[in-house]
Amino acid sequence: MTSTARPTTEPIDLGPMPKRSRMCTVDELLVRAPLRRIFEFAREVDRWPEHLSHYRWVRFHTRASDGGGLVEMAAWRPFGRVRWPTWWASEMSVSNDAPNVRFRHVAGITKGMEVEWSFAPEGDATRVRIVHLWNGPRVPLVGIVAAKLVIGPVFVHGIASRTLAGLAAVAERGPGHSRG
């Protein structure tokens, strides 16, 4: 679903990424497209389902003037023929200057997760890096083990790597393309 709502709130200030966390998942890719093109595809999260078959839907509850806001997302994590449904809600901020897109998960199993998409030019290409930092679910002992052994490497990486590869493919084809 795509939201066409006009900006309704001030940008959310998520600040810098935390210096430490108990779980860190990094996905990185050299995208053979100009920085501004891949940045636009990354920041337009409500259009991700048009480009990415593993995204079920993305909905903005509030829209901020920077393009962020409160956004709810749902994706599939495939395991062969089985697709596991995932869902979360995030505060989102967009910095055109940095450039970066920041998220803080505020609902779902990954509540409290901090995410940053960063973009750096490398010749005619762009290095895109997605960092997920989290201290795990608030379940003593089991929470951090689940975060480090299952949630981070299996679910977060499984979805983020597909998202990055899919948006990279669209950006590399040129402006205005979708998955068809």
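**Pockets and helix packing in the predicted model**

The lining of the largest pocket divides into 17 nonpolar, five polar and no charged residues (Ala, Val, Leu, Ile, Met, Phe, Trp, Tyr, Cys and Pro count as nonpolar, Asp, Glu, Lys and Arg as charged, and the others, Gly among them, as polar). The model is predicted, so local features need pLDDT of at least 70 and side-chain atom pairs pLDDT 80 or more, while totals for chains, interfaces and linings use all residues. Residues are numbered from 1 along each chain as its sequence is written, and side-chain values use heavy atoms, without hydrogens or water.

The volume of the largest pocket is about 400 Å³ (the space filled by probe spheres set on grid points joined across faces, edges and corners). A pocket is an open set of points on a 1 Å grid over the protein atoms alone where a 1.4 Å probe fits, with protein on both sides within 12 Å along at least five of seven lines; lining residues have an atom within 4 Å of a point. Of the 22 lining residues, Trp88, His105, Thr110, Val156 and Ile159 are the closest to the centre of the largest pocket. Helix α3 gives the largest share of this lining, six residues, and at least two residues each come from β4 (82-95), β5 (100-107), β6 (114-122), β7 (125-134) and α3 (DSSP runs numbered from the N terminus: helices H or I, at least four residues; strands E, at least two).

The second largest pocket holds about 170 Å³ of space. Its lining has four nonpolar, four polar and four charged residues, including Arg20, Lys111, Glu114 and Arg138.

In the loop between β4 and β5 lies proline 99. The peptide bond that joins alanine 98 to proline 99 is cis, with omega near -25 degrees.

Helix α3 (residues 142-173) also packs with helix α1 (residues 35-43), at an angle of about 135 degrees and with the axes 9 Å apart (lines fitted to C-alpha atoms over the stretch in contact; angles run from 0 to 180 degrees between N-to-C directions). Arg37, Ile38, Phe41 and Ala42 of α1 meet Leu167, Ala168, Val170 and Ala171 of α3 (heavy atoms within 4.5 Å). This contact comprises seven nonpolar, no polar and one charged residues.
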